[in-house]
Amino acid sequence: MRMVMCREATRLMSKNLDAPLGFQERMSLKFHLAMCGACRKCNQQFQLIHDAGKAFEEKASSPPFDTNDQTT
Amino acid sequence: MASWPDSSQSDTSKPSAERQRRLAAVRPRLLAFARLQLRDASEADDVVQEALITAVEKNARFEGKSGYETWVFGILKNKILDALRAQKRHGKWQPWSDDGVEAAIEQQFQSSGRWTDVARPSSWGDPENTLFSERFWQVFDSCMIALPDNIAKIFTMRELMGLSTHQICEEAGIKENNCWVILHRGRLLLRACLEKGWLSEANK
Ligand SMILES: [Zn+2]
């Protein structure tokens with residue numbers, strides 16, 4: 001397995017949001033995240049940014065009255 | 001010739017007063033969305049205007065499978081895509097060279113590939129609460145505006161419009177690999193900006 005540092009790990013986290021990672025990539029990322037707290041935070045934040053796009057639209061397109069029932 | 005109204009073209013179903021009110025209510029949010037995506041206030045005004053007109057004209061086509069506002073947003077997204085294509089055709093997309101971006105990202109990492117002390121991610125607190133906070137959205141908005149134009153276009157196509165990187169490549173005329181590189185840069189820049197704005201706000 002290829003060891004990766006933080007910079008490369010962020011590349012893999014980012015790609016993971018756009019396309020399936022290969023086996024090697026997945027293992028490298030998993031291993032790095034297990035060791036690195038800063039990258040675990042970064043990974044969560046990339047995910048949050050990813051969700052924010054959807055949330056932005058949901059917030060924007062929610063009807064004026066009655067609450068939307070999506071909970072995810 | 002008998003002149004039965006052609007159901008596909010008739011305007012027998014003008015939006016009800018209720019729908020007209022909802023259109024007016026959603027307009028500012030359509031504008032905010034279009035501005036983030038097109039990064040040009042007058043173009044955003046235009047596409048929103050077009051989307052509202054289309055929503056009125058095609059009122060009968062709304063089948064109630066999704067919410068009415070969601071349907072109007074779908075129309076807007078198509079108009080935005082048309083506008084982006086037109087921008088591209090008219091050579092209004094900035095070239096991809098971005099020395100400033102590269103430098104900003106260099107500052108986040110040591111030469112070993114580790115985070116630098118100033119850039120190392122801190123905790124943002126509970127993600128659920130973050131997304132429900134009005135302040136977060138203010139910071140998000142200003143950080144989006146601060147992103148370089150060409151990165152922001154690709155980023156918003158992916159994260160706001162929900163296009164796949166494959167679709168984006170076709171629209172932008174770039175390789176998928178290139179698209180991942182741009183999205184990676186966008187996320188690193190946006191993350192750093194959000195952290196700065198969000199944590200400084202939260203500590204007020
Ligand atoms: Zn790391």
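This briefing covers the fold of chain A, its zinc site and the cysteines of chain B.

The model is predicted: local features need pLDDT of at least 70, side-chain atom pairs count only at pLDDT 80 or more, and totals for chains, interfaces and linings use all residues. Residues are numbered from 1 along each chain as its sequence is written, chains are lettered from A and ligands numbered from 1 in the order in which they are written, and side-chain values use heavy atoms, with hydrogens and water left out.

**Chain A overall**

- Chain A has three helices and zero strands; helices are DSSP runs of H or I with at least four residues, strands are E runs of at least two, and both are numbered from the N terminus.
- The element order from the N terminus is α-α-α.
- Chain A has 72 residues, and 46% of them count as buried. Buried means under 20% relative accessible area, exposed over 50%, and partly exposed in between (1.4 Å probe, protein chains only).
- Of the contacts in chain A with a separation of 6 or more, 50% come from residues 24 or more positions apart. A contact means heavy atoms within 4.5 Å.

**Zinc site**

- The protein donors of the zinc ion are A:Cys6 (SG), A:His32 (NE2), A:Cys36 (SG) and A:Cys39 (SG), at 2.1 to 2.4 Å from the ion. Donors are N, O and S atoms within 2.8 Å of the metal (3.2 Å for Na, K and Ca); water is not among the atoms, so sites may look incomplete.
- The arrangement is tetrahedral because the four donor atoms subtend angles of 99 to 113° around the zinc ion. Four donors count as tetrahedral if all angles lie between 85 and 135 degrees.
- Along the chain, the donors follow the spacing C-x25-H-x3-C-x2-C.
- A:His32 is buried at 5% relative accessible area.
- A:Cys36 sits in the loop between helix 2 (23–35) and helix 3 (37–60) of chain A. A:Cys36 is buried, at 13% relative accessibility.

**Cysteines of chain B**

- The count is one disulfide over all chains; a disulfide is a pair of cysteine sulfur atoms within 2.5 Å.
- B:Cys143 and B:Cys193 form a disulfide with their sulfur atoms 2.1 Å apart. The link is left-handed, with -85° about the S-S bond.
- This pair joins distant parts of the chain: B:Cys143 is in helix 6 (residues 134–146) and B:Cys193 in helix 9 (residues 176–202) of chain B, 50 residues apart.
- B:Cys143 is buried at 3% relative accessibility, while B:Cys193 is partly exposed at 25%.
- B:Cys169 is in no disulfide; its nearest cysteine sulfur belongs to B:Cys179, 4.7 Å away. B:Cys169 is buried, at 10% relative accessibility.

Technical notes:
Tetrahedral: all angles 85-135°; square planar, octahedral: opposite > 155°, others 65-115°.
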